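Here is a short report on one structure. Look at the sequence and the fold first, then read on.

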Amino acid sequence: MNLMTLENISKSYSEKTLLQNISLGINEGEKIGLIGVNGTGKSTLLKIIAGAEEAESGTITKANKVRVEYLPQNPEYDEEATVLEQVFKGTSAEMKLLGEYEEVLEKINTSYDENLNKKLLSLQEKIDALNLWDLESEAKTVLTKLGINDYTQKIKELSGGQRKRVSLASALITPCELLILDEPTNHLDNNTIDWLEEYLNASKFSLLMITHDRYFLDRVTNRIIELDKGRLFSYDGNYSLFLEKKMERIAIESSMEEKRQNLIRTELAWVKRGAKARTTKQKARLQRFDELTNREVITPDERMDISVGSSRLGNKIIEIHNISKTFGDKTVINNLEYTLTRHDRIGIIGKNGQGKSTLIKILNGELTPDSGEIEIGETVKIGCFTQDDAHMDLSMRAIDYVKEASDYIETADGTKISASQMCERFLFNSTMQYTLIGKLSGGERRRLHLLRTLMLAPNVLLLDEPTNDLDIETLNRLEDYLDEFKGVVISVSHDRYFLDRICNKIFAYEGNGNIHIFTGNYSDYLIYKEIQGIEFEESQKNTKKETEHKEVKKEKPKNDKKLKFSYNEQREFDSIDSDIEKLENKIAELEESTSKFATNFTKLQEILDEKANLEKELEYKYERWEYLNNLAEEIANSKN
């Protein structure tokens, strides 16, 4: 069932075209991820779909009784409302009824009134009739999962991240057919993101969201739409499939553009020979030349170029000697001891509020530890990319903000370039450089802040939630830069892909300020934790068994049954090598045929679908091969 259709939607801001004749259909059961470079109009498109903003042209057709719930990047709050009241401030009839009930209940708790009591009873009857008590229970469950446990706390008492989570809870529980989320994973820790993945995958509503979290996109979405230079491209599948299909699209477009250029050269040579437009045929050739030269040029995507140099780093970097930090009765760092080496790429992980950002601030000199000390080497030059952009003067022009750090910088290859040239490399053209920071999008401000940090040519980078509000393209470029970076990187992040890509050590907050130091990336750490959990459970089981059978010991009967293949396993073992070879050859043939049908999109899609199915089958065969060969080895050993 089609929920909503957009046809020829256009939108511009001053001279910048964000959306150009965009058409899009959203169907029941779809989980759609919207991606694109910051400033291309992703949030604007969401606002138009949600009805929060109007398009300049085009039409939007919505199916009957389709309810849309929208979580913007910066939601509005009622400062005096409690957490639960804020959750129920949605626009649906159900949410309004529950919101009114919470307001009356709050007033009765403050001062009893007979009229209020009657109103409360009336509201309870309506809630009973609509069976909405489950919705209230779900709201409290979702809030708890998002780390909000005090439902009566005032919104004004919450941090920015806590407020965003309250708004996310409200969006998740509001009855709707289409849920629209703008950066839902910002301000969530890794455990909460895992829970949100499961919640969205189990939900029945359709989903349209902007997120930079690539693992999240991979595990939740079944369709990716990309906004690029005002155009919209749609790809069926998750983020991994999108990457494959985008590469194929770019290759096809590049091939078509190359053919167009060849045609232009041929026609230009004919025109230069002095073609006379007398005959119909000659007129047609001149017309074709005109069409070829005036056709919209397909250019490759603009790519951010991060090739900034860094300062030389000496032998002594940063030494942390038993530092501790408490706030009131809460310990956030407890006797941390560590000496940084020049090859360290450290990821700091843990639940929200445990003190991850506090450690970054202590290393940057913004806070001092209660005990212990930090020694910093003479050659150390710290660059800190903070979690928010509150330090930015919104009335300042972008180029002036960058020049505050430095007018010139050396790139990785030793070339000296100006701040303006660096802005160009970070996709800020001459017009944007003289734009007030306050007029830039949230993502563009983050990119500008990153540029200023790198303009300092640091050799120790402190990154506090660097992936928040940065687009995927910028993240890819940042990760490429960090691969070549000659200094130390310390990053607080909830982005699992980013942690896997850049880290070789993990500082994991494990409660009461204790920080576990683990060598490896984030996925390695998860495996370690899983093994630790299994070993603990086995230990508990063994202890229980020893207690239960302490007095009575029974000799375990010997199993004389010989280990051997079943009939089907033996047949599979005999043929699996040839099966794998056939699948590999078939996949290779399909890869070759993609070039033959590069311009036949229908046939190309059929080939790609068949290739994807064969690759899944091949993966299964590999797993079976490993199992059967291990079993064969065990059988051989049992005979000896």
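| Element packed against α6 | Residues |
|---|---|
| β5 | 68-71 |
| α2 | 83-87 |
| α3 | 93-110 |
| α5 | 133-145 |
| β6 | 178-182 |
| α7 | 190-202 |

This is a predicted model: local features need pLDDT of at least 70, side-chain atom pairs count only at pLDDT 80 or more, and totals for chains, interfaces and linings use all residues. Residues are numbered from 1 along each chain as its sequence is written, and side-chain values use heavy atoms, with hydrogens and water left out.

Helix α6 covers residues 160-173. Of its 14 residues, 12 are buried, so α6 is largely enclosed by the rest of the structure. Buried means under 20% relative accessible area, exposed over 50%, partly exposed in between (1.4 Å probe, protein chains only). Among the buried residues are R163, K164 and R165.

Q433 sits in helix α14, residues 430-433. Q433 is buried, at 2% relative accessible area. A polar atom of its side chain lies 3.0 Å from the backbone oxygen of F428. Beyond neighbours within four places in sequence, Q433 is in contact (heavy atoms within 4.5 Å) with residues including R397, S420, E424 and F428.

Terms used:
Helix = DSSP H or I, 4+ residues; strand = E, 2+ residues; numbered from the N terminus. Polar contact = N/O pair within 3.5 Å; in protein donor to acceptor, adjacent residues only side chain to side chain. Expected span 1.5 Å × (residues − 1).
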